[in-house]
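The sequence and structure come first, and the discussion follows.

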Amino acid sequence: MLALLAVSRGIDAVTAFIGRSVKWLILVAVLVSAGNAIIRKVFDSSSNAWLELQWYLFGAVFMLAAAYTLQMNEHIRIDVLSSRLQKRTRDWIDLICHIVFLLPFTLMMVWLCIPFFVDSYTSQEMSMNSGGLIIWPAKALILVGFILLLAQAYSEIVKRIAVLAGIIDEPSVQHELSPLIEETMGGARPHDNDGESRR
């Protein structure tokens with residue numbers, strides 16, 4: 001188990017680095033959008049390439065940060081239900097759902113995305129829009145995003161088993177309320193291992 005946890009820590013480090021790095025692409029997308037708007041208004045000129053670049057940048061953030069969102073426990077939950085459950089019950093639900101749903105889904109998507117990307121790269125597929133960009137880098141981002149999510153799914157499964165077995169403490173932030181409400185109230189309350197709030 002210690003070896004599996006070591007691999008998990010390595011995956012977490014890579015996921016965190018990528019997740020924190022891609023946030024700057026949002027700024028780049030804003031600058032591209034603003035520049036395109038200014039050029040269109042001032043010079044009455046525009047290009048589909050600028051529009052598609054915005055889509056690519058947004059897609060890159062969405063795909064490459066998905067694994068980081070999972071790692072930070074910020075993915076969508078049904079808070080009305082999960083907040084009423086004991087910590088150990090939530091751990092079991094997470095473990096079962098990761099194994100039964102997340103792992104097969106990410107495996108299937110990686111399997112399907114490989115020929116999806118390879119065909120595009122081999123043919124040097126271009127956008128159907130006039131003046132558009134080459135397509136394969138965008139499809140490569142989809143593949144890389146699902147590979148990262150698959151790796152993080154493995155990491156989360158290993159950590160959840162270790163937490164349930166009492167080998168490690170809870171490694172991720174646990175939310176009693178929605179993250180937005182917790183941020184408004186000044187942050188999430190820390191938990192003991194049994195899931196109860198500290199007094």
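## Burial and the cysteines

A residue counts as buried when its relative accessible area is under 20%, as exposed when that area is over 50%, and as partly exposed in between. The structure discussed here is a predicted model, and the accessibility values below are read from it. At 4% relative accessibility, C113 falls under the 20% cut-off and is therefore buried.

How many disulfides does a search of the whole structure find? The search returns 0 disulfides.

In soluble globular proteins, nonpolar side chains tend to be buried together. In this model the largest nonpolar core has 19 residues, and those with the most contacts inside it are L64, L102, V110, C113, L143, F146 and L149. Two or more residues of this core come from each of helix 3 (48-64), helix 4 (66-71), helix 6 (87-123) and helix 7 (136-164). Helix 7 gives the most, with 7 residues.

F146, listed among the residues with the most contacts inside the core, is buried, with a relative accessible area of 12%. When residues up to four places away in sequence are not counted, F146 touches M63, F105, T106, M109, V110 and C113; of these, V110 and C113 are also among the residues with the most contacts inside the core.

## Aromatic pairs and a charge over a ring

A pair of aromatic rings is described by the distance of the centres and the angle of the planes. A search of the whole structure finds 4 aromatic pairs. In one of them, the rings of F105 and F146 have their centres 5.9 Å apart and their planes at 75 degrees, and since planes over 60 degrees apart count as edge-to-face, the pair is assigned to that class. This pair links distant parts of the chain, with F105 in helix 6 and F146 in helix 7, 41 residues apart. The two partners fall into separate accessibility classes, F105 being partly exposed at a relative accessible area of 37%, whereas F146 is buried at 12%.

Elsewhere among the aromatic residues, F117, Y121 and W136 form one aromatic cluster. The charged end of K139 sits over the ring of F116, at 4.2 Å from the ring centre.

## Salt bridges

K87 forms a salt bridge with D91, in which the closest N and O atoms are 2.6 Å apart; both residues lie in helix 6, 4 residues apart, or about one turn of the helix. R160 also forms a salt bridge with D91, with the closest N and O atoms 3.0 Å apart. Because R160 lies in helix 7 and D91 in helix 6, this pair ties together parts that are 69 residues apart in sequence. K87 and D91 are both buried, D91 having a relative accessibility of 3%, and R160 is buried as well, with a relative accessible area of 3%.

Another salt bridge joins the side chains of E156 and K159, at 2.9 Å from N to O. These two residues are 3 residues apart in helix 7 and are thus separated by about one helical turn. E156 counts as buried at 4% relative accessibility, and K159 is buried with a relative accessible area of 6%. Through salt bridges that share partners, D12, E156 and K159 are joined into one network.

Key:
Residues are numbered from 1 along each chain as its sequence is written. This is a predicted model: local features need pLDDT of at least 70, side-chain atom pairs count only at pLDDT 80 or more; totals for chains, interfaces and linings use all residues. Side-chain values use heavy atoms; hydrogens and water are left out. A nonpolar core is a set of buried Ala, Val, Leu, Ile, Met, Phe, Trp, Tyr and Cys residues joined through side-chain atoms within 4.5 Å. Buried means under 20% relative accessible area, exposed over 50%, partly exposed in between (1.4 Å probe, protein chains only). Contact means heavy atoms within 4.5 Å. Rings of Phe, Tyr and Trp (its six-membered ring) pair if their centres lie within 6.5 Å; planes under 30 degrees apart count as stacked, over 60 as edge-to-face and the rest as tilted. A charge sits over a ring if NZ of Lys or CZ of Arg is within 6 Å of the ring centre and within 35 degrees of the ring normal. A disulfide is a pair of cysteine sulfur atoms within 2.5 Å. A salt bridge is a side-chain nitrogen of Lys or Arg within 4 Å of a carboxyl oxygen of Asp or Glu.
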